[in-house]
Amino acid sequence: MQGNYQQQYQSFIHDPGEFWLTQAKRIPWFKAPQHAYTQDNDGLYHWYADSQLNSCYLALDQHVAAGFGEQTALIYDSPVTDSKCTYSYLQLQQEVAKFAGVMQSLGVVKGDRVVIYMPMIPQAVIGMLACARLGAIHSVVFGGFAAHELAVRIDDAKPKLILSASCGVEVNSVIAYKPLIDNAKKLAEHKVAHSIIYQRKHSTAKLNATDIDWEQAMQTAEPADVVPVAGDHPLYILYTSGTTGTPKGVIRENAGHAVAMHYSMETVYGMQPGEVFWAASDIGWVVGHSYIVYAPLMFRCTTVLYEGKPVRTPDASAFWRVVEEYQVNALFSAPTAFRAIKKEDPTAEGFKKYDTTSLKRLFLAGERLDPATYAWLTEHTQLPVLDHWWQTETGWAIACNPIGIEQLNTKPGSATVPTPGFDVQILNVDGSQCAANEQGAVVIKLPLPPGCLPTIWQNTKRYKAGYLSEYPGYYLTGDGGYLDDDGYLFIMGRTDDVINVAGHRLSTGEMEEIVAAHPAVAECAVFGVNDSLKGQLPMAMIVLKNDFIGNPTDVEQQLILAVRNQIGAIACLKNIVSVERLPKTRSGKILRKNLRQLIDGDELQIPSTIDDASIFNEISQQLNDR
Ligand code: COA
Ligand code: AMP
């Protein structure tokens, strides 16, 4: 490759600091950075630490000041509640400033944490931006998580305030949030002074003495000004699943994030200010943070906030209806969403029904874009279908087709090439470089570029142990894969206990902890198995205690409920089977990978250290007998 991409990539490799100081000129600073990155006493990297800025100012005020106040900033489209509305940049700025005033009057100041547990409504975006305006650190918790998950995050982030709504509206159900919040508050050790609740008409919440009604508070609020913060001040904490039951609080710092968001809108997504960008995700995930809220607004695009599903709201043409209605120029979603559409509308009749000529490109991420979905989308939409690979930790694409620089040929199954800023390498277990086409651990040479996590909230030890210690000088992504002869990156899946269910990142370790806690369970293994719609689904194998008396299916049902109650409905652990014993190595390690291979029908790669290999026939037999 000799083109513009290669030139830009080489200019980054040659001098990352200089490259990113140049990119930093993209945004208006209160105090421009003199230094690109610095290392703190723990050896952690921070970008533009000597700068001053405000992320809410970049998302809203700068555009209003530049005369774009009348441009539509946000479109809210909610097929589940049959409602729609738009906010201009000026309207959104005014709402955000007023809501920041509400929080300020409750004592929220720079550095305070605010937990946001909300459905996909404009008030969620207003809450996030209002935190940014004050320099408060938001931590959005996905609405599909249960009270226990919320409590764990409350205890880790120690927020001063919770922002929520009376309910979430799903396809066939209304989920009351207030009981979940009350329960989480009871479970958490950290005590939160107030909750501000937005009342939705589908189910209003009964407020108690410490709860504040969102709209009432807004009626008397005074708008708050933007508070300048240092470049390395955290903008948000977003919890993501690790290999244990305790989620990891990924920190995003203001300055690096702002520069990365701006750079990515142009380089990764090829957008122009004024265009319409739609990330069909949820604000509870990193895709929502980066590409529903911050990047489109900082880049002065119009963003779409869609409270619905790709199917069943009301049918498989929902995405194409939204594209036509708002003249969407770029659509970003997870492959699982398109598999759901494909299943219900195999010949893409919905696509033909709407005028989608505004749409220039489709972007896919969250899980590997399987070649079948890629082929279906390409055939029926005739659009460039661009896979790109990233994770909560990085906040933006590690590998992409850098169309803003040069549109490269796509290769099905590949996320294309490393994005400038990411020095991606493939390493063997011994730390040596893999040859082209040889699979290994995908790592990124330090420093990570702007926008990526500097560490884990209040837990640098865990950050170092989980990401930096395996290969000194490199960040371990947790994914396995390879680079081919042309430098194209193929991500083949996680090498740890993280699974990806319908684009949602979940920890099998966490589910295992819940299953193992059942009094009838002697031991268990939870692992991810292939699913044609959701990519992966969790499955549990349990061994019941010798003295267990009763029906094993009762235990299985109790476990399904326990995981649903503790993690949330999105965990989808519905496949639980009890077996006589589990395969182990002689040292007692359960061979989860082999169980996954057995269920998926893959070739069994049994380690020589196995205790008794006949166990796989035994388990197969038991599964056949069910
Ligand atoms: N609040 C409360 N509950 C939620 C929820 C939320 N925000 N999101 C999902 N749930 C619940 C669902 O109602 C469902 O509950 P049920 O078991 O009682 O029916 C359960 O969690 C599983 O939901 P989901 O995994 O979404 O399955 P689904 O069958 O309802 O829909 C898809 C399948 C593929 C259509 C859907 O998962 C989808 O659109 N995925 C795209 C994901 C995505 O955008 N990921 C972000 C990365 S880009
Ligand atoms: P999350 O942190 O929820 O965004 O999940 C990140 C993980 O999802 C990555 O580590 C990958 O395992 C997987 N992932 C995300 N995007 C892709 C992609 N385009 N191709 C392959 N895997 C992906």
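Trainee: How much of residues 5-58 is helix and how much is strand, and how far apart are the end C-alpha atoms?

Mentor: In this predicted model, the span 5-58 is 41% helix and 15% strand, and its end C-alpha atoms lie 27 Å apart. A helix here is a DSSP run of H or I of at least four residues, a strand is a run of E of at least two, and both are numbered from the N terminus. Residues are numbered from 1 along each chain as its sequence is written, while chains are lettered from A and ligands numbered from 1 in the order in which they are written. As the model is predicted, local features need pLDDT of at least 70 and side-chain atom pairs count only at pLDDT 80 or more, whereas totals for chains, interfaces and linings use all residues, and side-chain values use heavy atoms, with hydrogens and water left out.

Trainee: Which UniProt annotation covers residues 5-58?

Mentor: The unreviewed UniProt entry gives "domain: Acetyl-coenzyme A synthetase N-terminal" for 5-58. Residues 63-445 are 32% helix and 23% strand, while residues 510-589 are 28% helix and 31% strand, with end C-alpha atoms 17 Å apart.

Trainee: What are the bounds of domain 1 and domain 2?

Mentor: Domain 1 consists of 4-308 + 388-481 and domain 2 of 502-625, bounds that come from an automatic or database domain assignment. Their centres, taken over C-alpha atoms, are separated by 34 Å. With contact meaning heavy atoms within 4.5 Å, 17 residues of domain 1 touch 14 residues of domain 2.

Trainee: Which residues around ligand 1 are the closest?

Mentor: Being near means that a heavy atom of the residue lies within 4 Å of the molecule; 22 residues surround ligand 1, and the closest are Glu170, Lys309, Pro310, Lys534 and Arg564. Both domain 1 and domain 2 give at least three residues each to this shell.

Trainee: What makes the approach of lysine 309 to ligand 1 a polar contact?

Mentor: A polar contact is a pair of N or O atoms within 3.5 Å, and a polar side-chain atom of lysine 309 lies 2.9 Å from an oxygen atom of ligand 1, so the pair qualifies. An N or O atom in the side chain of glutamate 170 is likewise 2.9 Å from an oxygen atom of the ligand, and for a polar side-chain atom of arginine 312 the distance to a ligand oxygen is 3.1 Å. Taken alone, ligand 1 exposes 950 Å², of which the protein buries 81%; such areas come from the Shrake-Rupley method with a 1.4 Å probe.

Trainee: Which atoms of ligand 2 and histidine 388 lie 2.7 Å apart?

Mentor: A nitrogen atom of ligand 2 and a polar backbone atom of histidine 388 form that pair. A backbone N or O atom of glycine 366 is 3.1 Å from a ligand nitrogen, and for glutamate 367 a backbone N or O atom lies 3.5 Å from one. The protein buries 93% of the 490 Å² that ligand 2 exposes when taken alone.

Trainee: Which bond joins threonine 313 and proline 314, and how do you know from omega?

Mentor: Threonine 313 and proline 314 are joined by a cis peptide bond, with omega about 0°, and proline 314 sits in the loop between β17 (302-306) and α11 (318-326). A cis peptide bond also joins leucine 446 and proline 447, the latter being in the loop between β24 (440-445) and α15 (460-468).

Key
A polar contact is a pair of N or O atoms within 3.5 Å; within protein, one must be able to donate a hydrogen and the other to accept it, and residues adjacent in sequence count only if both atoms are side-chain atoms. UniProt positions are given in the numbering used here, feature names are shortened, and annotations may be inferred rather than shown by experiment.
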